[in-house]
Amino acid sequence: MHDLTITEDYPWKGEGGEIVKKLVQLKDGNQWVVCAQRMVFREGGSKGRPYYEVHTIAIPAQEWSVAVIPQLTNILEARGATERNASMPPIELQTDLLDVPLPHNWLDVYVKDLITNVVSGKSVVLEDRGMTEANFLQKLFYCLICLPENLSRQISFGAGLSSLKEGEVRIAQVNKTRGLGKINDQRGGNAEEDVIFGQRYLVAIIQVIEGCTTPRQVIAAIQNIPQAIKAEVEGFTNAA
């Protein structure tokens, strides 16, 4: 991760700092989904020595569920610990969130844009200081339930990032982009043609998810998109 710099204009101080999710492959070949929250604390006031705390959870890839995403702001707690804690309680994840009814407007323009660009092979960088981390993660959750599960599991993301290095994560909500474009093309070629594929995918999923009322139903319905489209989407190997 990059150096975390919390400035006066960092808008997510009250939410606990940056959140990053990545898929990690170990030397033994096993894959784990790692989620971490990172925050900087200063000893003795704003000009004191900075300390960085990271609270990390690791989940075997085969046990990962997109239901974790909206819970991350509550699960992860980088709170400025001053001593070692070897008896932290196990984390409880609520997978029944997949059965909570979707709001009527869940597939809004924001979510559709995320789907279109991610499926088109782009990294999405959102300099969106007005949206809370929780709201961003909820929109991201809606986006990822609309992707094939294998691709959804691989995609890395960051919420409330203070800054961003190019290629660090696939989808990012960031305080300052430092010159990075809002949408960065990862596939090369004609950008307009790439977006056309994402738009075609969006049309296909809207047809198959019609009538779905819960995230679990959407995830199941996505398996019924035309095989040719599904194969092309799942063919993205640079999902991270």
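These are my notebook entries on a predicted model, from the whole chain down to single residues.

**Ground rules.** I number residues from 1 along each chain as its sequence is written, and for side-chain values I use heavy atoms, leaving out hydrogens and water. Since the model is predicted, I ask for pLDDT of at least 70 for local features and count side-chain atom pairs only at pLDDT 80 or more, while totals for chains, interfaces and linings use all residues.

**Entry 1: the fold.** I began with secondary structure and found seven helices and seven strands in the chain. I take both as DSSP runs numbered from the N terminus: helices are H or I with at least four residues, and strands are E with at least two. Read from the N terminus, the order is β-β-β-α-α-β-α-α-β-β-β-α-α-α.

**Entry 2: surface and contacts.** I computed about 12500 Å² of accessible surface for the chain, with 48% of that belonging to carbon and sulfur atoms. Areas come from the Shrake-Rupley method with a 1.4 Å probe, and for residues only the protein chains shown count as cover. Of the 240 residues, 47% are buried; my classes are buried under 20% relative accessible area, exposed over 50%, and partly exposed in between (1.4 Å probe, protein chains only). Among contacts (heavy atoms within 4.5 Å) with a separation of 6 or more, 67% join residues 24 or more positions apart.

**Entry 3: salt bridges.** How many salt bridges does the rule give? I count two, taking a side-chain nitrogen of Lys or Arg within 4 Å of a carboxyl oxygen of Asp or Glu. Arg 216 pairs with Asp 99, their closest N and O atoms 2.7 Å apart. That pair links distant parts of the chain, 117 residues apart: Arg 216 sits in helix H6, and Asp 99 in the loop between helix H1 (72-75) and H2. Both partners are partly exposed, Arg 216 at 39% relative accessible area and Asp 99 at 42%.

I then looked at Lys 139 and Asp 108, whose side chains meet in a salt bridge at 2.2 Å, N to O. This pair also links distant parts of the chain, with Lys 139 in helix H3 (residues 133-144) and Asp 108 in the loop between H1 and H2, 31 residues apart.

**Entry 4: rings.** A search of the whole structure gave me two aromatic pairs. Phe 141 and Tyr 142 form a tilted one, 5.8 Å centre to centre with 45 degrees between the planes. My rule pairs rings of Phe, Tyr and Trp (its six-membered ring) with centres within 6.5 Å; planes under 30 degrees apart are stacked, over 60 edge-to-face, and the rest tilted.

**Entry 5: two helix residues.** Is Thr 116 buried or exposed? Thr 116, in helix H2 (residues 109-119), is buried because its relative accessible area is 8%. Leaving out residues up to four places away in sequence, I list Val 195, Gly 198, Gln 199 and Leu 202 as touching Thr 116.

Ala 220 belongs to helix H6 (residues 215-222) and is partly exposed at 46%. Ala 220 and Ile 145 are 75 residues apart in sequence, yet 9.3 Å apart in space, C-alpha to C-alpha.
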